[in-house]
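These are my notes from going through one chain, element by element. I begin with the helix, go on to the sheet and the core, and end with a few single residues.

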Amino acid sequence: MTFLPEGEGSVTEFEVPPRYQSWKGVVHGGMIALLLDEAVGWAAWHRGHPGVTGKLEVRYRLPLKVGERVRLSGRVDNVRRTVVYASAKIERISDGATVAEATATLMEASPTGAG
């Protein structure tokens with residue numbers, strides 16, 4: 001996935017491959033959480049606050065089917081010193097319905113890992 005800067009964060013489109021299946025034809029919830037975590041991480045990166053996720057709270061709204069094309073978006077909602085508050089959403093391309101959303105707290109870190 002390649003996230004591009006957009007507004008207060010980042011965005012990408014993605015087609016969910018069969019290897020992410022849990023129940024027949026349905027994407028595993030852990031993979032949905034991973035996609036949301038990537039979205040908040042890239043949003044923070046694109047806003048100049050790269051960091052690591054300390055807390056991720058996911059709200060699952062609809063099943064995500066294998067092979068569906070989705071739009072992932074993340075945004076930075078607030079920054080306080082070295083703490084970044086962000087949110088993310090997964091929407092189906094076909095009808096714009098929200099599949100899942102998340103809020104996250106990230107700890108700002110150096111992009112090189114030093115300091």
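Helices (H or I, at least four residues) and strands (E, at least two) are taken as DSSP runs and numbered from the N terminus. I keep in mind that this is a predicted model, in which local features need pLDDT of at least 70 and side-chain atom pairs count only at pLDDT 80 or more, while totals for chains, interfaces and linings use all residues. Residues are numbered from 1 along each chain as its sequence is written, and side-chain values use heavy atoms, with hydrogens and water left out.

Helix α1. I looked up the span of α1 and found 18 residues reaching 26 Å from the first C-alpha to the last, close to the 26 Å expected at 1.5 Å a residue. I then asked which residues of α1 are buried, taking buried as under 20% relative accessible area, exposed as over 50% and partly exposed as in between, with a 1.4 Å probe and protein chains only. They are Ile32, Ala33, Leu35, Leu36, Ala39, Val40, Ala43 and Ala44, and the buried residues of α1 pack against β2, β3, β4, β5 and β6. Just after α1, I noted that Gly48 takes a positive phi of about 85°.

Sheet. I traced an open sheet of 6 strands in the order β1-β2-β4-β5-β6-β3, with antiparallel pairing; two strands pair if DSSP finds at least two bridges between them. The edge strands are β1 (4–6) and β3, each pairing on one side only. Within the sheet, β5 and β6 pair in the antiparallel sense over 9 bridges, and the bridge partner of Ala86 is Ala104 in β6.

Core. A nonpolar core here is a set of buried Ala, Val, Leu, Ile, Met, Phe, Trp, Tyr and Cys residues joined through side-chain atoms within 4.5 Å. Of the 25 residues in the largest one, Phe14, Ile32, Leu36, Leu64, Leu72, Ile90 and Leu106 touch the most other members. Two or more residues each come from α1 (29–46), β4 (69–80), β5 (83–92) and β6 (98–108), and the largest share, 7 residues, comes from α1. I checked Phe14 for contacts (heavy atoms within 4.5 Å); leaving aside neighbours within four places in sequence, Phe14 is in contact with Met1, Tyr20, Leu35, Glu68, Arg69, Val70 and Leu72.

Ser10. A polar atom of the Ser10 side chain lies 3.2 Å from the backbone nitrogen of Ala43. Beyond four places in sequence, the contacts of Ser10 include Ala39, Trp42, Ala43 and His46, as well as Leu72, Ser73 and Gly74.

His28. I located His28 in the loop between β2 and α1, where it counts as partly exposed because its relative accessibility is 41%. His28 touches Tyr20, Gln21 and Ser22, not counting residues up to four places away in sequence. His28 and Leu64, 36 residues apart in sequence, are 8.4 Å apart in space, C-alpha to C-alpha.

Arg81. Arg81 sits in the loop between β4 and β5 and counts as exposed because its relative accessible area is 80%. Its phi is near 55°, a positive value in a residue other than glycine. Most residues other than glycine have a negative phi.

Terms used. A polar contact is a pair of N or O atoms within 3.5 Å; within protein, one must be able to donate a hydrogen and the other to accept it, and residues adjacent in sequence count only if both atoms are side-chain atoms. The expected span of a helix is 1.5 Å times one less than its number of residues.
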